[in-house]
Amino acid sequence: MSTMSELISIDGVCHTYTPAHGREVLALDNVSLQVQRQEFVALLGPSGCGKSTLLYLIGGFLPVTQGSIRVDGKPVGGPGPDRGIVFQHFALFPWKTVRGNVLYGLEKMGLPRAEREERARTFIDMVGLSGFEESYPSQLSGGMKQRAAIARTLAIDPGILLMDEPFGALDAQTRGLMQAELLRIWRGSPKTVMFVTHDVHEAVYLARRIVVMSARPGRVKAVIEADLDRADPQLTKSRAFIDIVDEVWSLVREEAVRAERYRAE
Ligand SMILES: Nc1ncnc2c1ncn2[C@@H]1O[C@H](COP(=O)(O)OP(=O)(O)OP(=O)(O)O)[C@@H](O)[C@H]1O
Ligand SMILES: [Mg+2]
């Protein structure tokens, strides 16, 4: 059950896709999860277990038809400026430049022009896209598009960040830099983050709690606490870190095996 200290309260959520053609898919089955204000939560699970679906529901991009999702006590009724989402497939406006994409949300917020420009510059620079302000998405690599999408969402500074494999298309080095940058931003102005990833190491490095979902239909299989000192530069080499990575890995592996078995049937 939820209490007032929770910012995101997910209770008994089921979601079925009913496409016009083809068969129904039960994507989420009775998912409950409470997320505290300013908490950093990672979501892991095999492909197709409903991670994106859960983020869309919280973001208000899909209607909640069974169970309830409350944000700050209020049922989610649609998208809102309190929730910023970084989509798995970037979702940039193809007809706008990098700068135009980042400015878009800032214009909707009604910020004065000088401040909009300043913020756009800051975040484009932060994701390493200075010099590409006037490029269109079609002129960017996958990783660059992803970074543009991240800049767009971070610039709005939403209280809740919903990030769907935001670093999935990045090379290892850029990924490491973006992870550190995200933690730095989060420390500077703590937000509530729900971060989907396939990377166990990334999940344990970033998140205070790691939610492992089961193979379809998605359920919460386990919630692992990772109460680690993230300011410690040796963290990823520490026993505590490695033990948690191992624990999460074995849970994820079990589900990946189950997902494979379903496919074979
Ligand atoms: N629009 C849709 N219509 C029908 N079925 C859908 C639709 N979107 C998703 N699904 C199905 O719902 C299930 C969950 O999909 P979802 O995209 O949430 O999974 P995911 O955990 O994000 O996977 P991945 O790790 O590959 O991104 C999948 O079985 C998928 O086939
Ligand atoms: Mg997904």
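## The shell around ligand 1

By class, the residues around ligand 1 in this predicted model divide into five nonpolar, seven polar and three charged. Together, 15 residues surround the ligand. Ser47, Gly48, Lys51, Ser52 and Thr53 are the closest of them.

Which elements give two or more residues to this shell? They are β2, covering residues 25-36, and α1, covering residues 51-59. Helix α1 gives the most, with three residues.

## Polar contacts and burial

Let's look at the oxygen atoms of the ligand next. An N or O atom in the side chain of Ser47 lies 2.6 Å from an oxygen atom of ligand 1. The side chain of Gln88 also places an N or O atom by a ligand oxygen, here at 2.9 Å. With Gly50 it is the backbone that takes part: one of its N or O atoms is 3.0 Å from an oxygen atom of ligand 1.

How much of ligand 1 does the protein bury? Taken alone, the ligand exposes 630 Å², and the protein buries 68% of that area.

## An open antiparallel sheet

Strand β2, one of the elements that contribute to the ligand shell, also belongs to an open sheet of four strands. Their order is β2-β1-β4-β5, and the pairing is antiparallel. In general, the strands of a sheet pair through backbone hydrogen bonds, in either a parallel or an antiparallel way. Which strands sit at the edges of this sheet? They are β2 and β5 (74-75), each of which pairs on one side only.

Further in, β1 (residues 6-17) and β4 (residues 66-71) are joined by five bridges in the antiparallel sense. Across from Cys14 stands Gln66 of β4.

## The β4-β5 hairpin

Strands β4 and β5 pair over two bridges, again in the antiparallel sense. Arg70 has Pro75 of β5 as its bridge partner. Two residues lie between the strands of this hairpin, and Asp72 takes a positive phi near 55° there.

## Backbone details worth a look

Most residues other than glycine have a negative phi, and most peptide bonds are trans. Asn30 is worth a look with that in mind: its phi is positive, at about 55°, although the residue is not a glycine.

Where does the model place a cis peptide bond? One joins Arg216 and Pro217, with omega at about 0°. Pro217 belongs to the loop that runs between β9 (209-213) and β10 (220-225).

Conventions:
Residues numbered from 1 in each chain as written. Chains lettered and ligands numbered in written order. Predicted model: local features only at pLDDT ≥ 70, side-chain atom pairs only at ≥ 80, totals over all residues. Heavy atoms only, no water. Near = heavy atom within 4 Å. Polar contact = N/O pair within 3.5 Å; in protein donor to acceptor, adjacent residues only side chain to side chain. Areas by Shrake-Rupley, 256 points an atom, 1.4 Å probe, with all protein chains shown as cover. Nonpolar A, V, L, I, M, F, W, Y, C, P; charged D, E, K, R; others polar. Pairing = 2+ DSSP bridges.
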